[in-house]
Amino acid sequence: LVVGYPRNMDGSIGEQARFVERFVESLQAAIALPVELVDERLTTRQAENAMRALNVKAKRRKELIDQQAAALILQTFLDRQARAAREAEQPAHDEE
């Protein structure tokens, strides 16, 4: 499972992030699946900008903003996984 982790803009952990941490602890106690936290800073703004670029009307943007932000959080996770897989496949270079 992928869960958005709402860090403060300076990267610090605030009250909302602590709430998410407690939620994830409860979730992990209830299910036998790994849970990944993904930094969600600026995802709402990115989603808004993307929808504006596509000329989505303001009312419709408001309806879709959380869905779009969630998609961005998931895409961030998938990109991170793909990058880690590529790095794991690269042969180690011996330094001489």
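Helices (H or I, at least four residues) and strands (E, at least two) are taken as DSSP runs and numbered from the N terminus. The structure is a predicted model, in which local features need pLDDT of at least 70 and side-chain atom pairs count only at pLDDT 80 or more, while totals for chains, interfaces and linings use all residues. Residues are numbered from 1 along each chain as its sequence is written, and side-chain values use heavy atoms, with hydrogens and water left out.

Helix α2 (residues 43–53) packs against helix α3 (residues 58–89) at an angle of about 120°, the two axes lying 8 Å apart; axes are lines fitted to C-alpha atoms, for helices over the stretch in contact, and angles run from 0 to 180 degrees between N-to-C directions. That angle makes α2 oblique to α3, given that angles under 35 degrees count as roughly parallel, over 145 as roughly antiparallel, 65 to 115 as roughly perpendicular and the rest as oblique. The crossing of α2 and α3 is right-handed, a crossing being left-handed if the near helix is turned anticlockwise from the far one by less than a right angle, and right-handed if clockwise. On the α2 side the contact (heavy atoms within 4.5 Å) is made by Thr43, Thr44, Gln46, Ala47, Glu48, Met51 and Arg52, and on the α3 side by Arg61, Leu64, Ile65, Gln68, Ala69, Leu72 and Ile73. By class, 7 nonpolar, 4 polar and 3 charged residues form the contact of α2 with α3, where Ala, Val, Leu, Ile, Met, Phe, Trp, Tyr, Cys and Pro count as nonpolar, Asp, Glu, Lys and Arg as charged, and the others, Gly among them, as polar.

Individual residues of this packing were then examined. Thr43, in helix α2, is buried, with a relative accessible area of 5%; buried means under 20% relative accessible area, exposed over 50%, and partly exposed in between (1.4 Å probe, protein chains only). Residues up to four places away in sequence not being counted, Thr43 touches Ala69, Leu72 and Ile73. The C-alpha atoms of Ile73 and Glu89, 16 residues apart along the chain, are separated by 25 Å. Arg61, which lies in helix α3, counts as buried at 13% relative accessibility, and its contacts beyond four places in sequence are with Glu48, Met51, Arg52 and Val56.

The largest nonpolar core comprises 6 residues, namely Val3, Tyr5, Ala17, Val20, Val24 and Val35; such a core is a set of buried Ala, Val, Leu, Ile, Met, Phe, Trp, Tyr and Cys residues joined through side-chain atoms within 4.5 Å. Both β1 (2–5) and α1 (15–30) supply at least two residues of this core, and α1 gives the most, with 3 residues. Apart from it lies another core, of 5 residues, among them Ala47, Met51, Val56 and Leu64.

Most residues other than glycine have a negative phi. Leu42, in the loop between β2 (36–39) and α2, has a positive phi of about 70° although it is not a glycine, and counts as partly exposed at 39% relative accessibility. Asn55, in the loop between α2 and α3, likewise is not a glycine and has a positive phi, of about 60°, and at 66% relative accessibility Asn55 counts as exposed.
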